[in-house]
Amino acid sequence: MRILLVASAFNSLTQRVHAELRDRRHAVEVHPAGDDDALRGAIARWAPELVVAPILRTALPRDVWSALPCLIVHPGPPGDRGPSSLDWAIHEGAVDWGVTVLQADEVMDAGAVWATATCPLPPVGKSDLYRNEVSDAAVGAVLRAVERFASGAFAPRPQSGPDWRVPDHTRPYLRQETRRIDWAGDATDTVLRKLRAADSQPGVLDDLLGAEWYLHGGHREHDLGGRPGDLLATRAGAVCRATVDGAVWIPELRRRRHPGGPATFKLPAVTALGDALPALPEVPAPLMPAPRDRVWSDIRYREDGPVGLLRFSFPGGAMSTGHCRRLLDAYRFAVARPTSVLVLGGGRDFFSNGIHLNVIEAASDPAAESWANINAIDDLVEAVLTTTDRLVVAALGGNAAAGGVMLALAADEVWCRQGVVLNPHYRLMGLHGSEYWTYTLPRRVGAAEAGRLTAQALPVSAAAALRGRLVDRVLASAPQDFGREAGRLAGLLAASPTAQGRIAAKKAAREADELVKPLAAYRREELTVMRHQFFTPDAPYHALRAAFVRKRPAPVPVPGP
């Protein structure tokens, strides 16, 4: 079937729907929402049989939805309506939620229902839920709705009449007045719900050190405390702030935009505050905490017999120079331990999206910071590639893109959860890319397929990645269970009678490859191109990066089929 995806953003859900529909041999094209005349033109050219809207911030024009079936994905259960559905659910502490695929109609979210799906809401941030539990439910409902439409035998269920017994629960946009934290009165649980309900966008507006900031993300602190609202400590770029009964770690901040001023963007909290941050103690978390230690950390290591598990989780999957260097230190610690299998990753959200474009954009010299960042991530990838005394498994519980995909490909095996979307390319940021991809990607998929993946710049589903040998195993697990299942399978791998033989063969293969072409040569060739792209002022990378971090339309077309 010919399907047009109309979306306000080519975000994680749009990408996953795009990839999953293409996997099922539908012809799919993406068109950005917002310009009604351009949409009419796209429909006239493409002549779709169906329009699917995974994310919409504006309504579709009446003449479009009245002439062509348009299915809207609403991140709420039947009867739920309004623009802040998931935000309200988290804000109010819901533990179960759902997704509804409905037909566009005169009233927003009130059209006939084509499919629904339920999902749990564990206590994590909105963006994490959106990319995982909500995405799983949404994709399941979209595929069911598309099948029903294609059959021609299904009649969608109107949200009215004697057969409809679900009450209309329309809620307004969740405004900052409701999101605002009362540091003198809100308990830690309440503070965390408010932060999680706004963790990626829009953030929680707050007064901090004499300025207005949006707070992004939140993690519980179990030991520190102080006067409510006070900053207590720093850790890995985050700041710790006291509540009435404890404290929370806030990883990122975004300065409030002044009327008529430039767009602002998220940064690690310590970086954002800069010289305004008072002298605070840096309170590091142990890399290898005690088994029942609940300390928050973005990098941690543990062992289960012969298996080492090095987990990391950086906001948005972005890895700054500092992130890369700290993770490299942790990796070196892990490979000094007496294990035969090392699992890299295993968290439930992003694996990695490569270099940290926001930190680069905020740097006094973005070109120099780009160069430092790419070299830092290259050092990490090199360490993985040159680990020859054990098997390394990259465990992707969440999405990965650009250098993050190439980091995973440095491992001996790549395992991912069934809902993962991979973007193994750099082109949309105007970059050639490094991370030794010119070695690892063709080694896995062949030169022709490597060229296609990097040139087409399209998202790849977990199933397609498995078929194309981009990954080795897809785990059909819930987001909460992925890390545990990856650890269990790593234990079986370590206990396999073939494990030691594989380690020996891996060492021999690396030595043979090094004789043919040293890793240093791949890195030098990649970085020669990257250096030119970083240090040439009018290179496309700079405009594309600025647009990306400020969430402006990119000066390149949205990917096609």
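Glu435 is buried, at a relative accessible area of 1%, where buried means under 20% relative accessible area, exposed means over 50% and partly exposed is in between (1.4 Å probe, protein chains only). Glu435 also has a positive phi of about 60°, although it is not a glycine. You'll find Glu435 in the loop between strand 23 and helix 14; helices (H or I, at least four residues) and strands (E, at least two) are DSSP runs, numbered from the N terminus. Before going on, keep in mind that this is a predicted model, in which local features need pLDDT of at least 70, side-chain atom pairs count only at pLDDT 80 or more, and totals for chains, interfaces and linings use all residues. Residues are numbered from 1 along each chain as its sequence is written, and side-chain values use heavy atoms, with hydrogens and water left out.

Tyr426 sits in the loop between strand 23 (421-423) and helix 14 (437-445), while Trp437 is in helix 14, eleven residues away. Their ring centres are 6.4 Å apart and their planes are at 40°, so this pair is tilted. The rule here is that rings of Phe, Tyr and Trp (its six-membered ring) pair if their centres lie within 6.5 Å; planes under 30 degrees apart count as stacked, over 60 as edge-to-face and the rest as tilted. Tyr426 and Trp437 are both buried.

Tyr439 lies in helix 14 and Tyr522 in helix 19 (residues 519-535), so their pair ties together parts that are 83 residues apart in sequence. That pair is tilted too, with 5.1 Å from centre to centre and 50° between the planes. Tyr439 and Tyr522 are both buried. Elsewhere, Trp114, Phe149 and Phe154 are linked by ring pairs into a cluster. The count of aromatic pairs by this rule comes to ten.

Helix 19 leads on to helix 20. Seven of the ten residues of helix 20 (residues 540-549) are buried, so the rest of the structure largely encloses it. The buried residues are Tyr541, His542, Leu544, Arg545, Ala546, Ala547 and Val549. What do they pack against? Their partners are helix 11 (357-362), helix 12 (366-385) and helix 19. After helix 20 comes Lys551, with a positive phi near 55°.

The peptide bond from Gln201 to Pro202 is cis, with omega near 5°, and Pro202 is in the loop between helix 8 (188-196) and strand 9 (204-208). Leu209 has a positive phi near 55° in a residue other than glycine. Is Leu209 buried or partly exposed? Its relative accessible area is 41%, which makes Leu209 partly exposed.

Asp96 is in strand 6 (residues 96-103) and counts as exposed, at 53% relative accessibility. Setting aside neighbours within four places in sequence, Asp96 is in contact with Cys119, Pro120 and Leu121, contact meaning heavy atoms within 4.5 Å. Asp96 and Cys119 are 23 residues apart along the chain, and 5.9 Å separates their C-alpha atoms. Val30, in strand 2 (residues 27-32), counts as buried at 10% relative accessibility. From Val30 to Trp114 is 84 residues along the chain, and 21 Å between C-alpha atoms.

Finally, step back to the whole chain. Its secondary structure comes to 20 helices and 25 strands. The radius of gyration is 24 Å, close to the 24 Å that the globule rule gives for 561 residues, so the chain is as compact as a globular protein of that length. That radius is taken over C-alpha atoms, and the globule rule is 2.2 Å times the number of residues to the power 0.38. Along the principal axes, the C-alpha atoms fill a box of roughly 70 × 60 × 50 Å. Buried residues make up 56% of the 561 residues. Of the contacts between residues at least 6 apart in sequence, 69% join residues at least 24 apart.
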